[in-house]
Amino acid sequence: MGTLWKEAGRPLLPRALVLAATLVLAVGLTVPVVTFRTGLAHDTFSVVGGILDLVREGDVFLAGLVFAFSVVFPVVKLALLQHALHGPLSSERRARLVHALERLGRWSMLDVFVIAILIGAMHLGILSEAYAEPGIYVFAAGILLAMAATRSVLAILRERGASRRIPPATVLERGGSVLALALFAAGLFLPLIVVEKFRFFDREYSVLDACGRMLDEGEHGLALAVLFFVVALPLARLVGIVLLRFSRRPERLARPVLALEEWAMLDVFGLALLVVVAKLGSVATVEIRLGFWVLLCAAALSLRDSVLLRR
């Protein structure tokens, strides 16, 4: 029983990515990521500072949720990646560990989407505004580097694996995949939430509306991140699953479709939306609209497809 570091001929890329992710993430957790303005008052928060602010306001559950996904998950993931590379593990145990890290890693992006949704939906006239700080991009870069490190380790493990034959899809499976794609397309345009302030300010937001607002406000990085991880990649994945279901050789499409799963973050975005609804509840009336439930159904059907494919 040896280490993957030695067995694979001491590959430099995974080790370099883990090291870079560790350093970038350490900076991203502590530098400012968002500024809130209410009247003449300005409050700037880092990821850690925002969690502490939630605790001070009594939102202990939200603080624990964000802390778990945005701090504990990425830190533990990097430690376990180091163990996967250098620990004396059997090939089977190492593969299970890295696959688990692959499926969980994207949830570390929760805080990025929380801030993106806040900026897209929190412009309550002159009463309250939110602005992204450079730290949010540093933090996101650390998360994405950790995800890339996981992929690099998986690439080494998969060089030794053999592809399996996928049986033809049933009519029910094909129908579920097509329905997931249709629901997702509709959910992008339907309103996700409505924000009401003092009864005279009432505004609905869809995913595309929020992205357009961020672009208008100059938050191009966050808008592009949402468009890429919440719109483009989930759409590509759902289209890929539909094509796979109707293909005569689904094995050719299975690996790239499953590879998109780690990067398509529709479900992470949904949880971030719930966090924002709870957070804004103290300053405005926020209600979830039909678009959220439509996207949630699309994510559930997509998850079902992933489970069937992995089996």
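Student: What should I know about the numbering and the model?
Tutor: Residues are numbered from 1 along each chain as its sequence is written, and side-chain values use heavy atoms, with hydrogens and water left out. The model is predicted: local features need pLDDT of at least 70, side-chain atom pairs count only at pLDDT 80 or more, and totals for chains, interfaces and linings use all residues.

Student: How many helices and strands does the protein chain have?
Tutor: The protein chain has 13 helices and 6 strands. Helices (H or I, at least four residues) and strands (E, at least two) are DSSP runs, numbered from the N terminus.

Student: Why is Ser177 called buried?
Tutor: Buried means under 20% relative accessible area, exposed over 50%, and partly exposed in between (1.4 Å probe, protein chains only). Ser177 has 2% relative accessibility, so Ser177 counts as buried. Ser177 sits in helix α8 (residues 171-187).

Student: Which residues does Ser177 touch?
Tutor: Leaving out residues up to four places away in sequence, Ser177 touches Ile241, Val242, Arg245 and Asp305. Contact means heavy atoms within 4.5 Å.

Student: Ala186 is also found in helix α8. Why is Ala186 called partly exposed?
Tutor: Ala186 has 34% relative accessibility, and therefore counts as partly exposed.

Student: Why does Ala100 count as partly exposed?
Tutor: Because its relative accessibility is 29%, Ala100 is placed in the partly exposed class. Ala100 belongs to helix α5 (residues 91-105).

Student: What percentage of the protein chain do buried residues make up?
Tutor: Buried residues make up 49% of the 311 residues. The chain exposes about 14800 Å², with carbon and sulfur atoms supplying 66% of it; accessible areas come from the Shrake-Rupley method with a 1.4 Å probe, and for residues only the protein chains shown count as cover.

Student: What makes a set of residues a nonpolar core?
Tutor: A nonpolar core is a set of buried Ala, Val, Leu, Ile, Met, Phe, Trp, Tyr and Cys residues joined through side-chain atoms within 4.5 Å. The largest one has 85 residues, and those that touch the most other members are Phe113, Leu192, Ile193, Val207, Leu222, Val226 and Phe269. Apart from it lies another core of 7 residues, including Ile166, Ile241, Leu244 and Leu309.

Student: What makes a space a cavity?
Tutor: On a 1 Å grid over the protein atoms alone, a cavity is a set of points where a 1.4 Å probe fits but cannot get out; lining residues have an atom within 4 Å of a point. Grid points are joined across faces, edges and corners, and a volume is the space filled by probe spheres set on the points. The structure holds 1 cavity of 30 Å³ or more, and the largest cavity has a volume of about 60 Å³.

Student: Which residues lie nearest the centre of the largest cavity?
Tutor: Of its 10 lining residues, these are Ile117, Leu192, Ala210, Phe269 and Leu273. Helix α6 gives the most to the lining, with 3 residues.

Key. On a 1 Å grid over the protein atoms alone, a cavity is a set of points where a 1.4 Å probe fits but cannot get out, and a pocket is an open set with protein on both sides within 12 Å along at least five of seven lines; lining residues have an atom within 4 Å of a point.
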